[in-house]
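Me: I have some questions about the terms used for this model. Please set each value against its cut-off.

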Amino acid sequence: MTLALVGESGCGKSMTCLAIAGLLPKRGRVAGGALRIEGRDLCALSEKDARTLRRRSLSSVFQDATGGLNPVRSIGWQVAEAVRLRKGATRREAQAEAVRLLGRVGLPDPERRAREYPHQFSGGMNQRAMIALAIAGNPKLLIADEATTALDVTLQAQILDLIADLRESLGMGVIFVTHDLGLVAQNADRVAVMYAGRVVERADVADLFAAPRHPYTRGLLASLPERQRKNERLSTIPGTVPTIDALPPGCTFAPRCPRASERCAADVPEMALGYACHHPLTPAPAPVVRREREYS
Amino acid sequence: MTALLHAESLRKSYQVGRRSLFRKARRFNAVDGVSLTLERGETLGIVGESGCGKSTLSRLVLGLSPCDEGGVVFDGTPLPGQDTEAWRRLRRRVQLIYQDAAGALDPRQTIRTQIEEPLRIHGLPLERAQKAMADVGLVPAMGSRHPFELSGGQLQRVVIARALTLNPDLIVMDEPVSALDVSIQAQIVNLIQDLQRDRGLAYLFVTHDLSVLRHVSDRVAVMYLGEVVEEAPRDAFFDGALHPYARALLEAVPVPDPARRSRAAPRIGDPPNPAAPPPACRFHPRCPFATDVCRAERPALRDFGGRRAACHRVEELSQ
């Protein structure tokens with residue numbers, strides 16, 4: 001399944017991913033809650049056990065692929081290293097596996113490419129190499145944090161196809177982090193919308209786009225140029241996202257919300273029925289007709 | 001009436017790699033034979049992927065870098081050389097806004113000082129700054145703040161206000177909303193359109209984002225590796241592009257509607273290195289429709305009833 005984590009900059013979507021991957025910056029820590037991978041709570045495990053569990057079951061792909069690769073090691077060496085660490089394979093086996101993986105992610109002539117270095121690759125090829133690195137050892141969960149944001153649209157579409165294809169053939173779960181609602185609509189099964197550090201709405205992708213319940217979600221969708229008639233003014237959300245050190249009390253969206261009441265300024269709304277809002281929008285009157293999802 | 005801006009066969013090349021005693025430095029054409037026309041009050045959208053020369057083009061139009069060949073005519077007069085008196089006079093009428101608003105502002109100066117700066121340079125009354133700030137929706141109190149105290153959307157408003165102080169006829173916008181979040185992006189897009197309506201501004205709107213372009217532009221020009229491969233009125237373009245690259249671009253845009261999912265990304269491979277573009281038709285190695293003629297001859301930009309496309313096979317493909 002693909003879960004999309006969507007929100008504007010500073011809403012905490014990347015921090016969520018880093019927390020899952022155990023890569024929080026030094027000053028950050030998980031202050032509470034639980035993080036379960038196949039039923040085992042990472043937060044309750046010792047650091048060493050948590051590391052082992054993470055190494056076996058999840059991996060991530062980030063935006064800056066070229067910066068994420070080691071410039072002085074060949075691409076093949078780097079993928080092979082991941083194979084060795086995750087699977088405990090021998091050097092020779094790992095090398096063969098690395099070439100196979102590079103071919104799997106669509107690099108032409110993987111044998112030769114494995115001997116090349118990141119600076120000899122284009123941005124798209126580096127992102128493919130990062131994906132090869134991430135799927136080494138068949139992770140159960142792939143975290144793709146703005147993995148295609150830096151790429152041109154034609155390339156982005158190809159990389160997303162690759163991720164979807166791998167997800168199906170390897171049976172991975174994917175957490176897909178993005179600010180682009182178009183990508184969410186095209187790629188996610190379920191969506192979590194984040195605002196100022198909290199998930200404000202969770203829904204199946206079809207329901208979310210057809211009948212958003214949280215006013216923030218509706219505001220986001222309404223501000224998309226694609227959803228407007230041409231030459232009409234875009235609908236906007238007034239104001240700006242609060243900074244994390246000056247969060248309003250109560251519902252963090254209340255100052256920008258057209259439906260806010262006094263209660264919103266005082267009480268933090270609980271997440272229930274898939275949304276965290278005191279005054280949710282009523283769902284569309286007619287039941288949502290869900291089309292067959294197109295999987296080819 | 002003459003067009004506000006007319007660019008004829010612009011060419012600009014840059015050096016790649018170092019020159020040595022035995023070898024001339026290689027050069028590549030960032031912009032290669034581009035012609036454009038922009039009328040008053042019109043928005044021409046320029047779209048293309050990274051390395052296609054769209055930012056170089058916007059610099060040429062402003063006269064910020066000299067072109068190697070071809071020339072720009074602004075309101076009937078050829079663009080004078082940079083840093084001449086005539087150029088400075090003309091620059092009042094052409095302004096530039098680009099993606100990095102924070103980088104375009106001095107972190108140590110107040111917002112008001114920076115909005116007034118063009119007025120000081122040109123010796124115009126400073127009161128105009130107030131009006132410009134009001135026009136972009138900045139309250140006067142903002143004037144005494146510094147850039148770090150403002151959000152990304154507000155900074156972009158400041159940059160727009162600064163461009164407006166001189167009452168320009170044309171604003172070149174290089175990715176003006178790409179760095180902004182969707183909800184803020186919508187505010188700035190609305191602002192840009194309101195200003196155009198109220199002041200009759202013309203925009204050269206450079207972006208990689210087709211959905212924004214569809215909203216703001218009257219005409220669209222698609223660039224690929226330094227060339228314009230298609231130019232068409234907005235509606236005609238979005239109803240069906242002629243050039244295979246333009247089609248691939250349109251297909252690749254993710255539609256924000258889960259009911260209209262497509263899992264068929266255009267299979268056109270990775271883009272080539274812009275510093276070493278393929279010969280003949282530059283798109284042929286990625287083009288699913290390429291034939292021998294595409295590999296041998298460079299297609300000219302031909303007219304197809306109010307729109308232009310540079311492809312040998314337009315007639316066959318549009319059937």
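**Strands, sheets and a chain contact**

Reply: Let us begin with one strand pair. In this predicted model, strand 1 (residues 5-16) of chain B and strand 2 of chain B run antiparallel and are joined by 10 bridges.

Me: What makes strand 1 and strand 2 of chain B a pair?

Reply: Two strands pair if there are at least two bridges between them. Strand 1 and strand 2 of chain B have 10 bridges, so they pair. One bridge puts B:Lys12 with its partner B:Val31 in strand 2 of chain B.

Me: Why are strand 2 and strand 5 of chain B called edge strands?

Reply: Start with the sheet. It is an open sheet of 4 strands in chain B, with the order 2-1-4-5 and antiparallel pairing. Strand 2 (26-38) and strand 5 (77-78) of chain B each pair on one side only, and they are the edge strands.

Me: What makes strand 7 of chain B a partner of both strand 6 and strand 8 of chain B?

Reply: Count the bridges again. Strand 6 (residues 94-98) of chain B pairs with strand 7 of chain B in the parallel sense over 5 bridges. Strand 7 of chain B is also joined to strand 8 (residues 202-207) of chain B by 5 bridges, and these two run parallel. The cut-off is at least two bridges, so both count as pairs. B:Ile97 stands opposite B:Met173. B:Ile171 has B:Tyr203 in strand 8 of chain B as its bridge partner.

Me: How do you know that strand 7 of chain B is covered on both faces?

Reply: In a regular strand the side chains alternate between the two faces of the sheet. On one side are B:Leu170, B:Val172 and B:Asp174; on the other are B:Ile171 and B:Met173. Buried means under 20% relative accessible area. All of these residues are buried, and both faces are covered. For strand 7 (residues 170-174) of chain B, that is 5 of its 5 residues.

Me: Why is the link between B:Asp194 and A:Arg233 called a salt bridge?

Reply: The closest N and O atoms of B:Asp194 and A:Arg233 are 2.5 Å apart. The cut-off is within 4 Å, so the pair qualifies. Between chain A and chain B the count is 1 salt bridge. The count of residue pairs in polar contact there is 14.

Me: Which helix of chain A gives the most to the side that touches chain B?

Reply: Helix 8 of chain A does, with 10 residues. By class, that side of chain A has 20 nonpolar, 17 polar and 18 charged residues.

Definitions and conventions
Residues numbered from 1 in each chain as written. Chains lettered and ligands numbered in written order. Predicted model: local features only at pLDDT ≥ 70, side-chain atom pairs only at ≥ 80, totals over all residues. Heavy atoms only, no water. Salt bridge = Lys/Arg side-chain N within 4 Å of Asp/Glu carboxyl O. Polar contact = N/O pair within 3.5 Å; in protein donor to acceptor, adjacent residues only side chain to side chain. Nonpolar A, V, L, I, M, F, W, Y, C, P; charged D, E, K, R; others polar. Buried < 20%, exposed > 50% of the residue type's maximum accessible area, 1.4 Å probe, protein only.
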